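These are my notebook entries on one protein chain. I set down what I looked up, entry by entry.

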Amino acid sequence: MDAAAEALLRQTVRRIPSSKLNGVLGRWGCLSEAQLGSLESMQPKWLLCDNLISLCRENDLSMKHVAEVEMLYCIENPKRGMWYAYQMVETDDEAQSLELMHFRERFKAHLKDLIGHVSIKLKRHQDESVWIRIAWGDNFNRPNHLKPTYVMHHLQTPYVFVSGLTNKHKPLLFQALVLAAGYSSIKNAHLNGRCITALRDLLMRQYKQVFPSSCPKPLKESNPLPNPNIENEHAKLVEHKQRAAAEAFGYEDPPKLERATYKLETKYREHGNESLNGRDEPFRGVVKFTSSNLLESLKYCITSGAYLFHSGKYHTLELLICCLNYHSCFPSFL
């Protein structure tokens with residue numbers, strides 16, 4: 001085991017909580033049960049790293065094996081990094097029947113043709129997704145395994161999720177992906193966040209709540225105990241707010257979306273200002289929304305009354321909700 005492998009192993013062990021370390025090392029499969037039993041997870045991390053490195057030297061492990069445990073922990077804990085969604089376009093018939101072995105060979109061949117020193121590792125997850133770990137180097141330096149790029153892709157789908165990618169390596173990765181998967185180009189899906197499951201469910205329409213356009217069943221009572229004040233003074237208003245929230249987001253928890261970008265085009269309308277009213281080109285702008293759980297925040301805004309009309313026109317928040325509610329336009333909206 002060289003110095004680079006030791007540095008990666010120390011970095012990985014420091015990131016893994018002590019309570020999860022034995023489980024991760026057990027699933028790694030490179031240490032025997034006796035060796036795993038000799039490691040004490042409650043001892044200081046620096047001492048645990050030294051003992052683990054000694055065991056790895058006994059088993060003659062290399063950077064290839066150390067990268068596996070780092071990749072295993074990243075797949076099981078993807079929320080540690082920021083993920084960005086992309087969509088490949090203009091597919092051919094071959095992309096619909098692409099197998100993992102064929103994709104693996106083509107991706108490695110194309111990427112290694114573009115850059116001299118690069119380390120690539122692919123792994124199929126239990127949900128049939130393909131995870132790719134890329135350690136980048138250049139024509140003169142060895143790959144830097146301390147700052148890898150991770151890619152998650154479902155074969156037979158055009159969506160790719162990337163974490164830890166720099167602008168320098170972005171064109172190289174995208175070119176290798178579209179050539180290996182049988183597409184002609186790739187575009188930004190304008191979705192990013194730490195919860196890769198929510199991004200995948202939104203883009204691949206896997207979320208079981210499909211944002212109904214109408215409320216198909218009576219509203220469920222959230223509080224079985226009657227409140228006289230609400231029943232007498234605010235019953236209709238409260239019911240209207242809760243029904244609107246159910247129509248827009250359903251009864252279950254919405255996906256965890258952290259950021260949304262809305263490209264707005266509008267016309268200026270006001271009497272007495274002919275110079276702006278007569279403008280042919282629309283006014284263009286970009287509205288960005290950020291929250292720890294954006295859809296849940298919007299749902300709460302409806303129930304709290306923030307969706308109400310303002311001066312006879314839709315509130316800006318309601319415009320966003322309408323766009324979110326129009327589920328088929330999700331990729332073009334974000």
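**Basis.** I am working with a predicted model, in which local features need pLDDT of at least 70 and side-chain atom pairs count only at pLDDT 80 or more, while totals for chains, interfaces and linings use all residues. Residues are numbered from 1 along each chain as its sequence is written, and side-chain values use heavy atoms, with hydrogens and water left out.

**Whole chain.** I counted 13 helices and eight strands; helices (H or I, at least four residues) and strands (E, at least two) are DSSP runs numbered from the N terminus. Of the 334 residues, 43% count as buried, where buried means under 20% relative accessible area, exposed over 50% and partly exposed in between, with a 1.4 Å probe and protein chains only. I then took contacts (heavy atoms within 4.5 Å). Among those between residues at least 6 apart in sequence, 68% join residues at least 24 apart.

I traced an open sheet of six strands in the order 2-3-4-5-1-6, with antiparallel pairing. Its edges are strand 2 (118-124) and strand 6 (183-193), each of which pairs on one side only. Two strands pair if DSSP finds at least two bridges between them. On average, neighbouring strands are turned by 25 degrees against each other, direction ignored.

I looked up the pairings in turn. Strand 1 (residues 83-91) is joined to strand 6 by seven antiparallel bridges, and Val89 has Ser185 of strand 6 as its bridge partner. Strand 2 and strand 3 run antiparallel and are also joined by seven bridges; here Lys123 stands opposite Trp131. Their hairpin has four residues between the strands, and Glu128 in this hairpin takes a positive phi near 70 degrees. Strand 3 and strand 4 (residues 149-154) are antiparallel over six bridges, with Arg133 opposite Tyr150.

**Strand 3.** Is this strand buried or exposed? I found eight of the eight residues of strand 3 (residues 129-136) buried, so the strand is largely enclosed by the rest of the structure. In a regular strand the side chains alternate between the two faces of the sheet. Here both faces are covered: Ser129, Trp131, Arg133 and Ala135 are buried on one side, and Val130, Ile132, Ile134 and Trp136 on the other.

**Helix pair.** I checked helix 6 (residues 100-114) against helix 7 (residues 170-181): their axes come within 8 Å and cross at roughly 145 degrees. Axes are lines fitted to C-alpha atoms, for helices over the stretch in contact, and angles run from 0 to 180 degrees between N-to-C directions. The contact includes Phe103, Phe107 and Leu111 of helix 6 and Leu172, Leu173 and Ala176 of helix 7. By class, I noted 11 nonpolar, two polar and one charged residues in this contact.

**Leu172.** This residue is in helix 7. Leaving out residues up to four places away in sequence, Leu172 touches Leu111, Leu114, Ile115 and Trp136. Leu172 and Lys112 are 60 residues apart in sequence and 9.7 Å apart in space, C-alpha to C-alpha.

**Ser163.** I located Ser163 in strand 5 (residues 159-163). Why does Ser163 count as buried? Its relative accessibility is 12%. The side chain of Ser163 reaches the backbone oxygen of Met82 at 3.1 Å. Beyond its neighbours within four places in sequence, Ser163 is in contact with Gly81, Met82, Trp83, Pro148, Thr149 and Tyr150.

Technical notes:
Ala, Val, Leu, Ile, Met, Phe, Trp, Tyr, Cys and Pro count as nonpolar, Asp, Glu, Lys and Arg as charged, and the others, Gly among them, as polar. A polar contact is a pair of N or O atoms within 3.5 Å; within protein, one must be able to donate a hydrogen and the other to accept it, and residues adjacent in sequence count only if both atoms are side-chain atoms.
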